[in-house]
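Colleague: I would like to go through this model feature by feature. Please give the general idea each time, then the case here.

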Amino acid sequence: MRAAVLNRPGVVEVVQRPDPTPAADEVLVRVHAVGVCGSDTHYFDHGRIGRFVVESPLVLGHETSGVVEAVGADVDPSRVGQRVSLEPGVPCRACEQCLAGRYNLCPDMVFHATPPVDGSLAELVAIHHAFAHPVPDHVSDEAAALLEPLSVGVWACLKGGVGPGSRVLVTGAGPIGLVCVQVARASGASEIVVADLNPDRLAVARQLGATRTISSGSESVADGYAAGPAPEVLLECSGHPGATADGIRALAPAGRAVLVGMGGDEITLPLSTIQERELVVTGTFRYAGTWPTAIALAASGQVDLERLVTGRFALEDTAAALTAARDTAGAIKSVIDPRPTARSAADPAEAAGGPRG
């Protein structure tokens, strides 16, 4: 099979590798679509994220869909031919965290495209059968791949307690911020305010359900709430220290701040505000048990994942896909199709032309 391998920072090469053989409890999936995540780009640029360091050639990619091509000895053979979305982290299923239902915190998690575990930017990938989730036929390959970032949004809203009538502030209108907007809307939030520097992304946020936007380049978050009730929930999706602090300061008493975006290892928080208002501040780490909800949201049309796709690429153009979000005006999400017949369509006008697969 062909696979796109990160040899060192800034260098990706398409190479031939042996086809994987599924273990007894695994399925072998022919990959149809892989979304590019900010973590993939960070590994491409820097070769590391925190304690995770690329020390040998690594296959990137963990937002994945495809079709089951073969199954291991212990898996129902009727799954062959099934269209699936891959949940890219397989936990041990036996530790304290797994048994408590928090399998995203499993210390022995095997997660795609996290060194030294290879990801799914390849023609074939093997994964435990329980983490290859069947998707309805009317959910496109691209939307099925983007159930992974949608799951991040579902988990963030769950951690923030977003529900009917909630007033929500989303800081950062990248792909995760935009799925958070849609999940909050589907959860019944009465107000969804989005703050970002990028006017193009703020326009998309309004299209996808934001009730109001704040241009953080010309208006502070606090000024944006001067004439209205404060938000109850902050979904911080930028990872920017200033946006995090400003968002926390905007919260109503007893509000909840959910830190989703990946920034530096340490940031300064407005501790007096947190104490005086009895705010709850929590991090998020991936997700647990979110795929059924994500599939339902996408299948019902409550969430539009294809609207996020602004560039389509072949496997040979992986390097361009990894940098498109910062190199192309208006870019939001790139998707790579590893199949040999795929061709690049990085033009946003063509990317918006409809689902593929």
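Modeller: Start with contact, which means heavy atoms within 4.5 Å. Axes are lines fitted to C-alpha atoms, for helices over the stretch in contact, and angles run from 0 to 180 degrees between N-to-C directions. Helices (H or I, at least four residues) and strands (E, at least two) are DSSP runs, numbered from the N terminus. Here, helix H4 (residues 147-160) lies across S16, S17 and S18 and runs at about 155° to S17. This is a predicted model, in which local features need pLDDT of at least 70 and side-chain atom pairs count only at pLDDT 80 or more, while totals for chains, interfaces and linings use all residues. Residues are numbered from 1 along each chain as its sequence is written, and side-chain values use heavy atoms, with hydrogens and water left out.

Colleague: In what order do the six strands of the open sheet run, and what is the pairing?

Modeller: Strands of a sheet pair through backbone hydrogen bonds, either parallel or antiparallel. Two strands count as paired if DSSP finds at least two bridges between them. In this sheet the order is S15-S14-S13-S16-S17-S18, with parallel pairing. Strand S15 (212-215) and strand S18 (280-283) are the edges, each pairing on one side only. From one strand to the next the twist averages 15°. Strand S16 (residues 233-236) pairs with strand S17 (residues 256-259) over four bridges in the parallel sense, and Glu-236 stands opposite Leu-259 in S17.

Colleague: Which open sheet has antiparallel pairing?

Modeller: The three-strand one, in the order S2-S1-S6. Its edge strands are S2 (11-16) and S6 (58-59). Strand S1 (residues 2-8) and S6 pair over two bridges; Leu-6 has Leu-58 in S6 as its bridge partner.

Colleague: At roughly what angle do the axes of H4 and H5 cross?

Modeller: Angles under 35 degrees count as roughly parallel, over 145 as roughly antiparallel, 65 to 115 as roughly perpendicular and the rest as oblique. The axes of H4 and helix H5 (residues 175-186) cross at roughly 55° and come within 8 Å. H4 is therefore oblique to H5.

Colleague: Which residues meet there?

Modeller: Among them, Leu-150 and Val-154 in H4 meet residues of H5 including Val-179 and Val-183.

Colleague: How far does the predictor trust the chain?

Modeller: pLDDT is the predictor's confidence in each residue, from 0 to 100. The protein chain has a mean of 94, and 96% of its residues reach 70 or more. Over residues 346-357 pLDDT stays under 50.
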